Each structure stands twice: as C-alpha cells, then as structure tokens.
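Please open the model in your viewer and keep the sequence panel beside it.

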Amino acid sequence: MKFAYPRRGSEMARMTAAGLGLIALVSACGATPSQAAPGTIAVVAAENEYGNIAAQIGGKDVSVTSVESNPNTDPHTYEVSPSVAQGVGAAELVIQNGVGYDNYMTKILSASPSQTRKVINVQHLLGLPDSTPNPHLWYDPTTMPKVANALAADYAGLKPADASYFTTNATRFIASLNPWLQALASFKSQHAGTPVATTEPVADYMLQAVGADNLTPFKFQADIMNGVDPAPQDVSLETGLFTQHRVKVLVYNQQVTDTLTQTFISAAQSARIPVIGVYETMPTPGYNYQSWMLAEVAALQKAVADGISTQHL
Amino acid sequence: MFSGLMLTAWESASIVAVVAGVVGFFIVLRGSAFAAHALPNGAFAGAAGASLIGVDAIVGLAVFSILGALTIAALGRRARHDVATALVIVLMLGLGSLFLSMTTEYAPQIYSLLFGEVLGVSSSELVPIGVIGLVAIAAILLMYRPLMFSSVMPDVAAARGVRTRRMEVAFLLVVALTTTMAVPVVGALLIFSLLISPAAAARSFTSRPLGAMGLSVIIALATVWSAIALSYLSNLPIGFFVGSIGAGTYGAGRGFSAWRRNRQASPRQSSQTLQPGVAG
Amino acid sequence: MPGFLSPLIEPGFFSNLPVQTALVVGGVVAVVSGIVGTFTVMRGQSFAGHSLADIGTAGGSAAFVLGISPLFGYVAMNLMAAGVMEWIGIRRPRGRDLATGIVLGAALGLAALFLYLDTTASSTTGATVNVLFGSIFTLPASMVPFIAIFSVVAAGIVLVMYRPLILTSISADLAIAQGIRVRLVGIGYLVALALAVSLSAVTIGAILSTALLIGPAATALRITNRTGRAAVIAAGIGVTATWLGVLLAYDSYYWFPNGGGWPVSFFVVTLIFLGYLVSQLRFSGRAVAQRRSSAAQAP
Amino acid sequence: MPQRITLDPDMPLRARDLVGLGIDGQRFGLPLPSTTRRKQVDDMLEAVDATRFAESRVGNLSGGEQQRILIAHALISRPRLLLLDEPLANLDLGSEQEVVDLLARIAREQRIAVLISTHDMNPLLPVMDRIVYIANGRIATGTTAEVVSSESLTKLYGVHVDVIHVHDRILVVAGRREEALQHGDTESIVELV
C-alpha cells in the first residue's frame with residue numbers, strides 16, 4: 001500500500017520557516033557577554049552574594065561578574081551559557097560556594113585549567129566535608145568574615161601594591177556586618193526558642209543563629225530540596241504545624257515556588273501564620289549582602305513580633 | 001568562539017555527534033527510539049546511586065545503562081518491546097527516587113545530568129570520551145551487515161544464521177555505551193535528540209544505507225555546531241537549539257521526500273528515467 | 001481497624017490526611033490510567049504514553065513564564081503534541097515511535113528554553129525535577145475538581161469510542177472497511193491519552209504516570225484476552241499497586257531508626273514491575289503447557 | 001522465504017542492497033566495495049529482470065517487484081533448494097504471472113529445485129512438475145497430470161471435484177463448494193524441478 005501526502009511539502013516548509021523565525025527572534029533577545037574593564041582583576045562569582053563581597057573588598061581594583069545574579073533564578077536548574085564559561089576561563093579569581101551547590105563551576109574550572117587563577121571555594125575555606133547537608137553557607141554569620149579575609153589575601157597576591165587597601169576594605173566590611181549581628185543577637189534575646197516551620201533549609205543557618213526552634217524535620221526539607229516526594233507523615237506533621245498553630249512563622253524558599261510550596265503557604269495563611277520568603281541569591285537592585293541579611297532578620301522580627309508576612313524583599 | 005574552553009566543547013560535542021549519527025542510523029532503522037530515550041534517562045538513577053555510595057557518577061551511568069539494556073532485551077524476549085522498555089525506564093527512575101531520598105546531602109547536581117554540561121568538559125576527559133566513542137562506532141561497523149540484515153528482515157536473517165537475539169542485545173549494549181559517554185557531555189535529553197533527528201532526516205535524502213549513515217553523521221555535526229554557535233551568540237540554552245534544529249531538519253527531510261514524490265508520478269518511472277545507464 | 005492488620009498497617013494510616021488524599025486521587029488516576037493504558041499497550045503506543053509525561057514539562061515551564069497553572073500548560077502542550085504526533089506519522093509502529101521521538105526531542109528543547117526564560121524572567125520551580133517524581137502526598141485541594149473533570153473526560157472518550165477503538169487497534173484496514181474514520185479515532189484516543197497523562201504527571205509525577213499507564217495494562221493483557229476485562233483488571237491492578245505503595249511508603253517511615261521513609265514512587269513502581277514479572281512467568285508457562293497438550297492431542 | 005515481509009518505504013535501502021545482503025548479510029564487518037560482488041549482484045538482478053529498479057528504494061517498489069527482489073536475495077547465495085511460502089499471495093494477476101514465469105525460468109536455467117507452498121495452484125499449473133496435495137488430512141503425490149485430475153481430487157476431498165481445461169489452463173472446481181470449504185486446511189505443495 002502506498003501513501004501520498006500532497007501539500008505536505010509546502011506545509012513542512014512553512015513549519016520549518018516558522019521554526020527558524022522563532023530561533024532568529026529569540027536569538028535577537030539574547031544578552032551579550034560583559035567584558036572586564038582594563039587594568040582590573042577579573043573576578044567571577046558563582047553566586048551574587050559572593051560577588052557582592054568580592055566587589056566590596058576589591059573596590060576600584062576589580063571587576064566582578066556574578067553567574068547567578070537574578071533573584072528569581074533557581075540555582076538548582078542552572079545551565080551554563082557559553083559567555084559565562086568564557087568569563088570563567090578568563091577570570092583571575094573565582095569564588096564559589098561548593099558543597100555541590102554550584103557543581104557547574106567546579107566542572108568549568110577543571111575544563112579550563114589555569115596556573116595563575118585563584119579559586120576561593122567557601123566550603124573548603126570553612127573546612128566543611130562534602131557531606132555537609134545544608135549548602136546555604138552564606139546565611140551563617142561566621143562565613144563571610146572568613147571569606148572577606150581570604151579575598152583580601154588573594155587580591156593582595158594578584159596585586160601586591162594595593163595589599164593594604166584590600167585589608168582595609170576587608171576590615172571595614174567585617175565591621176559593617178555588625179548591625180546584622182546585633183539584630184540577630186537582639187532577636188535571640190527576645191525570641192529565643194521561637195517555633196518556626198520551613199520548606200527548604202535555605203535560611204536554616206540563620207535560624208540556628210537566632211536560636212529559633214525549627215520544627216520541620218530535616219529529612220522533609222532535604223526531600224523538597226532534592227525534588228523527591230516526601231513521606232506522608234512528614235507532610236501531615238508539616239501541615240499540622242500550621243493547623244495546630246504550633247509555629248509562629250513559615251520560612252519558605254522564595255525562589256522555588258511550586259504547587260508543593262504553595263500548598264504549605266496557603267495552609268499557613270489560612271491559619272493566619274505569617275510567612276517569609278527567603279532568597280537563595282541576593283535580591284537586586286538595592287541590596288548588598290549586609291542590607292539583605294539585615295532585611296531577612298527584620299522580616300523574621302516583624303513576623304514573630306507583629307505577625308506581618310514578607311513574601312518579597 | 002574558539003578559545004580553549006570553547007574548543008574543548010566543540011571537540012567533545014563533535015565526538016558525541018559522530019557517534020550519535022552512526023548509532024542513531026540503526027536506532028531509527030530498528031525503531032528503537034524508545035530505548036534511545038529510556039537508557040540515557042534511566043541511567044540518571046545510576047548517577048544518583050553512585051553519589052550515594054560515593055563513587056564516580058560515570059560508574060553509576062555505565063552500570064545502570066548496561067543493566068537497563070540487558071533487562072530490556074530479556075523482557076523483550078517474551079513481550080512487546082515498547083512495554084518492556086517502559087517498565088525498565090520506570091523501574092530505573094523509581095530506584096533513582098529511592099537513592100535520592102536516601103541522601104540527605106544536597107543532590108540537585110545529579111539533575112544536571114539531564115541537561116548535561118557541554119562547556120564543563122575538560123580536555124583530559126576528551127580521551128575517554130573519544131575512546132568509548134571509537135569503541136561504539138567500531139562495534140557498529142563490525143556488526144553492520146548482520147545488524148542491517150536482522151533489522152530489515154529478522155526472520156530471513158535468522159534463517160541465514162544471523163543470531164538476531166544476540167544482535168539485539170549487542171546493539172542495546174552499544175546504545176548503553178553511547179549513553180555512558182554522551183550523558184555527562186550533552187545530557188540525557190540532548191543525546192536523545194541527536195540519536196533520532198539526524199538519522200530520521202538523513203533517510204529522506206538518500207536511499208543508500210551507507211550514504212544515509214554518513215549523511216546522518218553530517219547532519220548531527222551540523223546540528224551540534226550550529227546549536228553551539230547560536231547558543232554562543234544568543235546566550236540561550238544549547239538544548240533548545242538542538243531540539244528545534246532537529247525537528248527542523250526532520251521536517252525538511254519529510255518536505256524533500258514529499259516534493260520528490262510529487263515531482264515524479266511514480267517511483268518506477270523515475271528509476272527508469274533517472275538511471276538509464278545502470279543496467280548491469 | 002481489625003487487630004490482625006495492625007502489624008501490617010502502622011497506626012494513624014487511615015486518619016492521616018495526606019494519605020487519604022493520596023488514596024483517593026491515586027485511586028482515580030490509577031483507574032483512568034488502567035482504562036486508557038489498555039489501549040495504549042494494544043496499540044503499541046507506550047512510547048507516546050511515556051513521552052507525553054516528559055513533553056508536558058515544556059508546557060509546565062511555559063505556564064510558569066505566563067503565570068498560569070501548570071496543569072493547563074501541561075494539558076495544552078500535550079494536546080498539541082498529540083496532534084503533531086498523529087499528523088507526522090501513524091503508518092507503522094516504527095514510524096509512530098519515530099514521530100513520538102521527533103516531537104519529544106523538539107518539546108525537550110522547548111522545555112530547556114522555557115526553563116531558561118523562567119530562570120531569567122520570573123519565578124521558577126525546578127519544573128522538570130518536580131514533575132519527574134511528583135508528590136502524591138502534597139496535592140492541594142484546589143486540584144481535586146480538575147482531576148475529577150479530566151479523569152471523567154479521558155475515561156469518557158475511551159468508553160464512547162470503545163468499539164471503534166478496539167477495531168482500529170487490531171487492524172486499521174478492517175476498521176476502514178467498516179467505514180470507521182481511523183484518523184479521527186486515533187486523534188480522539190491520543191486526546192484521551194494526553195489528558196490522562198497530563199493528569200497523572202502533574203499529580204503523581206512522570207514516573208508513576210508511565211508506570212500506571214503501561215504496567216497494569218500489560219499485566220492484564222497477559223491474564224486475559226478480552227479487552228473490556230483487561231481494562232477492568234488493569235484498573236484493579238493499578239489501584240492495588242497504588243494503595244499498597246502508599247501503605248508501604250507510610251510504613252517505611254518506621255522501618256529504620258533514622259530512615260524517614262522511602263518514596264512512594266519507588267514502592268508503586270516496584271510493585272507494578274513485580275506483578276508484571278509474575279504474570280509473565282505464570283501465564284507464559286500456562287500458554288506453553290496449553291500448546292504442548294494441544295499438540296499431544298493432535299492426530 | 002517467508003510468506004510476508006513488509007518493507008518500510010522510509011528505509012534507506014535500495015533493491016540492490018537487499019540482494020547484496022543475500023551474499024554476506026550474516027557476516028561481520030562492512031561490505032567492502034568489490035567488483036566481483038557488484039557483478040554478482042548485477043547478474044542476479046538481471047536474472048530476475050529487476051535491473052531497471054535496482055537503484056530504487058525497496059520499500060517503494062510494487063508487490064511483484066518486491067517479490068522478485070526477495071527471490072533474487074534468496075537465490076544469490078546459490079541454494080540447491082528454494083523454499084517459498086505463498087510467493088503469490090497479495091499479488092495482482094499481472095505480477096503473479098511475472099513471478100511464476102520467473103520461478104520457472106530460474107528453476108530451469110539455474111538448476112535449482114523450487115518448492116512452493118500455495119493455497120491456489122491455478123497460476124502454477126502450467127509450470128509445475130510434481131505436486132504434494134494435502135487436504136482433509138490426506139495426501140496425494142505425483143506429477144501434475146496424476147494429481148490434478150477429477151478422480152484423485154474427488155477422492156482426496158470426499159466431494160466431487162471437476163478439473164476443467166480451458167484454453168491452455170486448468171481450473172479446479174469443487175462440486176459442492178460450501179462443503180469443500182469446510183475442510184479449510186487444503187494446501188498444496190508444488191514442486192518445480
């Protein structure tokens with residue numbers, strides 16, 4: 001039996017043309033890679049919170065590119081574009097989080113080996129093992145002072161003439177963290193042991209720092225973080241935290257809003273429990289690391305003290 | 001566009017494209033599209049398992065894709081192939097969900113295997129990729145005639161002494177090998193596109209089997225190269241370009257054969273008029 | 001709860017709200033998948049059935065770009081994909097799988113694009129990831145009416161087209177001779193499949209969607225030769241596997257001191273696979289025995 | 001050769017390639033270009049009168065053309081016996097006659113025994129030498145003239161059968177059709193030597 005498809009050819013041609021048109025259209029919308037200013041140290045940061053600090057310590061001597069700079073980006077599904085890869089290849093200093101959080105950076109670094117490039121891996125800097133369950137190290141108040149000093153030291157190695165400038169910047173940066181540290185301390189003194197619920201372990205280090213009591217089992221947080229279906233007991237436990245008013249606030253990952261997270265937000269809201277959306281990457285514009293962290297604590301303070309939700313910073 | 005890092009990306013993607021073109025020719029000929037989807041996708045569970053017990057992801061990929069290939073072949077003995085393949089892919093992914101649930105560490109890097117990281121291939125990895133690729137191509141070329149025979153007329157081939165069962169197992173193992181090599185480079189989703197679209201398009205343009213295989217390699221290379229170039233210019237994901245160029249070339253192939261059919265009243269006449277001097 | 005069940009069923013199983021929802025929704029999805037899946041297996045379209053779950057992710061991620069519910073993105077994308085699959089090629093099973101492959105490849109490319117737009121333009125989920133494993137225990141109540149509507153429509157299409165569907169599945173030529181519009185039936189069937197798969201992929205994830213669509217139906221078609229009975233048995237197997245899987249996932253929470261439970265998709269898939277293996281061994285054994293005895297009786 | 005082989009029209013395979021598979025399809029390695037091999041294929045194509053569509057895609061050929069290519073495929077390995085299961089099934093009258101003539105010619109020219117199983121022996125009657133006629137669980141063997149006669153077929157079927165000669169053809173007509181059809185397992189094995 002034979003089949004003939006008249007007109008198919010022209011339809012196919014039209015489809016092909018339409019497809020190519022679409023490609024051309026979206027190609028035109030694409031971004032162009034940014035170039036480092038001449039005479040400065042080219043720095044690439046995997047996450048923009050590290051990029052922000054790298055810029056504060058380096059000041060006039062560095063030009064920083066952050067790979068994940070959009071607060072709406074979900075770092076979990078990040079795919080490297082050629083311009084980023086090229087930027088990393090040309091960078092003199094690369095700063096990344098580690099703990100598998102930015103595995104793509106590890107891969108690209110090994111794909112373009114360099115003798116002179118300095119790499120700050122925050123996980124290694126803090127001496128953490130690969131099996132560290134919670135990769136969101138930048139929420140830990142003890143992390144960034146060490147990062148700042150490491151940056152100053154590496155910059156000094158790259159540009160010894162300005163070594164003292166970098167050290168001064170690092171000292172100034174560490175001092176500027178004080179308002180945040182004070183806010184953490186004051187929250188801890190007023191509200192230590194506040195019961196909270198979370199969806200993912202994004203801000204867990206901060207919650208530990210303020211002495212909050214996170215009633216959500218870590219296994220449940222890990223399941224959501226890893227995209228696996230959680231156990232029914234954990235789900236009903238989590239829902240029970242809201243319906244039985246056992247927690248004062250729900251802290252969820254603002255950057256991963258799916259039906260699952262939405263379920264718990266609605267449950268919290270209908271129980272009139274305030275919710276806080278915390279960010280995995282620094283919201284821009286208008287924030288630097290210090291003011292962002294301060295804003296997160298302020299949101300927590302407002303939620304616990306006044307019952308006000310903060311979904312967006 | 002051709003700096004050191006990009007050069008490695010070009011090279012690794014080209015190796016993958018050549019292997020995909022050759023293996024894909026037989027995947028399309030044998031109608032094994034589902035297996036070509038199931039093995040790379042299911043092998044991702046192997047990577048999850050590997051990270052759980054702390055070995056290299058590629059070991060998990062290799063173990064799972066080979067076990068998957070053998071299970072498809074074993075189940076396919078008694079039942080329809082598509083059912084066997086569907087059951088194997090869900091079983092593999094189910095195990096993947098168990099492995100992921102057992103790790104309390106940060107695991108999403110496993111998911112990067114779905115999309116691959118063609119820009120993250122280091123030049124030292126090129127050698128193993130190239131070697132596995134060569135083995136896969138050599139295996140296909142070695143099996144070329146019996147594989148072709150058993151794909152075209154399985155019963156006749158069996159009567160003429162071709163071990164069609166063994167051919168099937170051997171071919172699935174080559175697909176597993178391709179999977180192991182290609183998934184870390186281009187990801188499970190892309191390797192599937194590269195295995196199917198170029199080969200499907202190629203057979204519209206030529207009737208010669210070896211010609212179609214060669215053309216499939218050429219189309220695969222062209223697809224990958226233009227996808228990387230377009231991605232470089234636009235900063236959009238490579239996967240999008242591979243997928244849409246693949247569908248585009250297939251559409252062009254279908255359009256070409258429809259046009260040829262329209263132009264020639266009947267294929268018999270055409271062979272008379274087009275090849276007057278072939279008589280032997 | 002009767003006393004003898006207590007060693008099998010850990011306390012609180014039936015009073016657990018997520019478990020209740022999972023039992024109800026999982027049961028509905030299993031029934032619809034069983035009915036639609038019987039024809040999927042008969043028509044040799046397992047690949048299409050599985051692919052639609054993956055293809056839907058492109059719609060899901062597009063829905064996030066547009067800011068609408070992912071379920072609608074799923075349904076729209078799957079209906080479109082089903083149409084293109086039917087349009088490209090239905091001539092032979094091989095050609096059919098190829099058409100599915102082409103559509104799947106293109107859709108995965110689109111998914112990559114939409115995911116990229118998601119991550120740059122608006123808020124995102126790990127859409128592919130969540131859809132892969134789904135989560136039957138966190139279904140929002142607002143989804144239940146949609147689930148009910150889509151199930152009724154999907155099962156309804158299959159039941160309305162029941163007889164022509166059987167005929168076209170057995171032999172397209174026979175069906176044409178009887179005046180059945182084969183392409184129309186094919187489209188109608190793919191629409192039912194697209195709806196069923198969207199529904200199950202969004203609610204319980206892509207893995208379980210394929211497992212419930214193909215596994216129980218393949219097992220049922222081993223057990224019986226009659227289509228209607230096979231659909232009923234498939235639905236039964238699907239429901240049993242889903243409910244047992246939910247129970248095991250619940251129980252497994254208490255198996256290990258720090259285990260925290262194993263995922264339900266693992267249990268359901270394993271149960272379905274084991275059921276299929278048992279039916280393979282048992283019923284192919286019986287078929288061989290029958291063949292032998294009939295051969296012995298022959299003069 | 002099995003009764004029914006479906007060849008996919010999308011398959012990139014020329015008639016010539018399919019015949020070539022008959023030489024060495026079971027062997028490993030690529031088919032190396034060789035003039036003797038090519039000549040062998042060309043001769044075979046010539047022998048089955050298929051040269052004019054040798055370069056065409058095999059899936060696009062008509063049923064009769066495909067059948068010729070398949071016969072060429074089977075013959076090229078120089079068998080001493082060619083077994084054909086219903087080679088005339090699904091062919092139109094013209095192609096049927098072409099294939100019958102081809103088989104008769106090949107049997108003579110190449111000195112090959114051709115054993116054909118068929119339900120319909122009418123097109124083969126002029127060319128076949130010996131028949132094994134199976135009906136009703138009984139067997140009749142002999143030359144065409146011996147087996148295809150009213151007496152022997154009537155005995156075989158237990159129903160009156162007429163063998164009618166029309167022009168140079170022989171027609172077999174069952175007396176009471178419906179009864180003969182009840183014994184649906186009639187099959188003749190026809191041998192051309």
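**First stop: a threonine in chain B**

Select B:Thr223, which counts as buried because its relative accessibility is 3%, where buried means under 20% relative accessible area, exposed over 50% and partly exposed in between, with a 1.4 Å probe and protein chains only. Before going further, note that this is a predicted model, in which local features need pLDDT of at least 70 and side-chain atom pairs count only at pLDDT 80 or more, while totals for chains, interfaces and linings use all residues. Residues are numbered from 1 along each chain as its sequence is written, chains are lettered from A and ligands numbered from 1 in the order in which they are written, and side-chain values use heavy atoms, with hydrogens and water left out.

B:Thr223 sits in helix 10 of chain B, residues 209-234; helices (H or I, at least four residues) and strands (E, at least two) are DSSP runs, numbered from the N terminus. Now show the side chain of B:Thr223 together with the backbone of B:Ile219: a polar atom of that side chain lies 2.6 Å from the backbone oxygen of B:Ile219.

**Second stop: the whole of chain B**

Select chain B and colour it by secondary structure, which comes to 12 helices and zero strands. The C-alpha trace of chain B spans about 70 × 50 × 30 Å along its principal axes, and 65% of the 280 residues of the chain count as buried. Among contacts in chain B between residues at least 6 apart in sequence, 76% join residues at least 24 apart.

Move to C:Gly83, which lies in helix 3 of chain C, residues 70-88, and is partly exposed, with a relative accessible area of 31%.

**Last stop: chain A**

Finish at A:Ser291 in helix 13 of chain A, residues 289-306; at 28% relative accessibility, A:Ser291 counts as partly exposed. Which distance, C-alpha to C-alpha, separates A:Ser291 from A:Trp180 in space? Select both, and the answer is 7.9 Å, although A:Ser291 and A:Trp180 are 111 residues apart in sequence.

Key. Contact = heavy atoms within 4.5 Å. Polar contact = N/O pair within 3.5 Å; in protein donor to acceptor, adjacent residues only side chain to side chain.
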